[in-house]
Amino acid sequence: MLSRHAARSLSAHGRWFSSSVARHSKVAVLGAGGGIGQPLSLLLKADPLVTSLSLYDIRGAPGVAADVSHIDTPGEVNGYHADKLDEALEGVKVVVIPAGVPRKPGMTRDDLFNTNTSIVRDLAAAIARVSPEAHVLAGVYDPRRIFGVTTLDVVRAARFVSGIVGTNPVDTPITVIGGHSGATIVPLLSQSPFGKGISGEAYQKVVKRIQYGGDEVVQAKDGAGSATLSMAYAGAKFTNALLRGLAGEKGVVTPTFVKSPLFADQGIDYFSSNVELGPNGIEKIHPLGELTAEERKLLEACLPELKKNIEKGKAFVEASP
Ligand SMILES: NC(=O)c1ccc[n+]([C@@H]2O[C@H](COP(=O)([O-])OP(=O)(O)OC[C@H]3O[C@@H](n4cnc5c(N)ncnc54)[C@H](O)[C@@H]3O)[C@@H](O)[C@H]2O)c1
């Protein structure tokens, strides 16, 4: 899932529906009719920072729009049919893309690579065409405004760790770095006052659970798709953080997958780490901080895998017409 700029720290969060900084913010959801798109649209309608919601899908968006428009919050909602993508994108500040095809049991995210990348490529081209500040693919592409949403891994880490140490997840932020598939997901438990006490078998188990939590959902749904409700929550949470940063709130820091200098010298030019969000999108990419020997091992396993993922993505773009 991708959030485009057109979003306090999720790591020191707990108040993600904060509306302390009011601004007019039009948000578009592309794929609004789907398993993620519908609850995401609902959560965004409930977010006081979203003053206008533009819902688009190749099927079903007007119905979702009519439904969520009855929620008693001030934000305006419009739904658009498949042939009205350009209209849906007019004047939007943030575009969230939950469009795509979800995994079935036995599938990796990679199995859906071509299908999902084609969908996002076509939507990104439309974003670039319709809003000048959104020229993702054409000359004025601004890497400070493109975010891969890895918030679900952050949400899962907080929840799973708090389950072990007996805290409230809201007070148990965990930084998760790397990418968003299996071994590329690297939770930094040592950087949390609650996470750092977890060791031995419990540590191995919780790291694995954070990395492969998505599989639990795919298996439990038994062919009916992957995480939708928790992903919608994570997407709405990231969008709220982005909107607060854009509105000038200081200290909005969250892990997100962005164009990053951290491992660029190893040919890995996209990486998820703590990023400060601000009026221009990315304000500052934080260094990783201190890592334990175990975390360095996880990172070593992450980097080659992530490099392959990124190279595959780049090759896809180069081969595209
Ligand atoms: N980043 C994450 O943490 C994360 C987690 C779970 C799922 N996902 C991904 O999110 C995507 C959506 O998952 P879902 O469970 O909601 O799937 P879904 O099939 O329920 O919904 C996808 C929606 O996208 C729409 N769509 C397809 N092509 C489109 C296009 N060109 N333009 C607009 N809309 C289009 C479909 O009509 C459908 O309504 C999948 O690719 C899935 O793999 C990401």
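**Close-up 1. The contacts of G34 in this predicted model.** Setting aside residues within four places of it in sequence, G34 is in contact with D57, P98 and A99. You will find G34 in the loop that links β2 (26-30) to α1 (37-45). With 26 other C-beta atoms within 10 Å, G34 counts as buried, because the cut-off for that class is 20 or more. Both G34 and its contact partner D57 fall under the "binding site" annotation in the unreviewed UniProt entry.

**Close-up 2. G35, in the loop between β2 and α1.** Here 19 other C-beta atoms lie within 10 Å, so G35 is partly exposed: a residue needs 20 or more to be called buried. Beyond its neighbours within four places in sequence, G35 touches P102, G225 and T228, in the sense of a C-beta contact.

**Close-up 3. Positions under the "binding site" annotation.** According to the unreviewed UniProt entry, this annotation takes in G31, A32, G33, G34, G35, I36 and G37, along with D57, N116 and M231. To get your bearings, look for G35 in the loop between β2 and α1.

**Close-up 4. H180 and its surroundings.** The unreviewed UniProt entry gives H180 the annotation "active site". H180 sits in the loop between β7 (175-178) and β8 (185-188).

Terms used: Residues numbered from 1 in each chain as written. Predicted model: local features only at pLDDT ≥ 70, side-chain atom pairs only at ≥ 80, totals over all residues. UniProt positions renumbered as here; feature names shortened; annotations may be inferred. Helix = DSSP H or I, 4+ residues; strand = E, 2+ residues; numbered from the N terminus. Contact = placed C-beta atoms within 7 Å. Buried ≥ 20, exposed ≤ 12 C-beta atoms within 10 Å, placed from the backbone.
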